[in-house]
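This briefing concerns a single protein chain. Please examine the sequence and the structure shown here before reading the notes that follow.

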Amino acid sequence: MSEEVRLVAWVRGRVQGVGFRWFTRARALEIGGLSGFALNLDDGRVQVVAEGSRERCEGLLDWLQAGDTPGCVDGVTEIWDTPRGGYDGFAIR
């Protein structure tokens with residue numbers, strides 16, 4: 001069984017007002033087995049928190065970095081951690 005992890009990613013670029021959070025949630029649900037959220041930050045970035053298997057979290061991160069997202073991603077910074085739990089599915093905040 002794959003290691004359970006927590007991914008926190010900050011996505012920079014034109015990622016607010018373009019449906020980015022909605023598409024991120026849809027992608028997380030498509031991958032399956034992920035819980036967490038996508039949140040607009042005051043500085044224009046989107047924060048994505050995902051918990052699940054390392055393989056599934058890496059799949060979401062790959063999608064965030066691939067440029068196949070709404071808007072225009074200039075860069076993604078990520079941190080890996082141990083899961084904290086407490087999420088009910090994958091939400092838009």
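The largest nonpolar core has 19 residues, of which Val11, Val48, Leu60, Leu64 and Phe90 touch the most other members. A nonpolar core is here a set of buried Ala, Val, Leu, Ile, Met, Phe, Trp, Tyr and Cys residues joined through side-chain atoms within 4.5 Å. The model is predicted: local features need pLDDT of at least 70, side-chain atom pairs count only at pLDDT 80 or more, and totals for chains, interfaces and linings use all residues. Residues are numbered from 1 along each chain as its sequence is written, and side-chain values use heavy atoms, with hydrogens and water left out.

- Another core lies apart from the largest one; it has 5 residues, among them Val8, Trp10, Phe37 and Val49.

**Fold and dimensions**

- The chain contains 2 helices and 5 strands, where helices (H or I, at least four residues) and strands (E, at least two) are DSSP runs numbered from the N terminus.
- Read from the N terminus, the order of elements is β-α-β-β-α-β-β.
- The radius of gyration is 12 Å, close to the 12 Å that the globule rule gives for 93 residues, so the chain is as compact as a globular protein of that length. The radius is taken over C-alpha atoms, and the rule is 2.2 Å times the number of residues to the power 0.38.
- Along the principal axes, the C-alpha atoms fill a box of roughly 35 × 25 × 20 Å.
- Of the contacts with a separation of 6 or more, 77% are between residues 24 or more positions apart; a contact means heavy atoms within 4.5 Å.

**Surface and charge**

- Of the 93 residues, 39% count as buried (under 20% relative accessible area; exposed is over 50%, and partly exposed in between; 1.4 Å probe, protein chains only).
- The side chains include 11 positive and 14 negative ones, and the centres of the two sets lie 5 Å apart. Lys and Arg count as positive and Asp and Glu as negative, without His and the chain ends; the charge is placed at NZ of Lys, CZ of Arg, CG of Asp or CD of Glu.

**Arginine 56**

- Arginine 56 belongs to helix 2 and is partly exposed, with a relative accessible area of 37%.
- Not counting residues up to four places away in sequence, arginine 56 touches Ile31, Gly32, Gly33 and Leu34.
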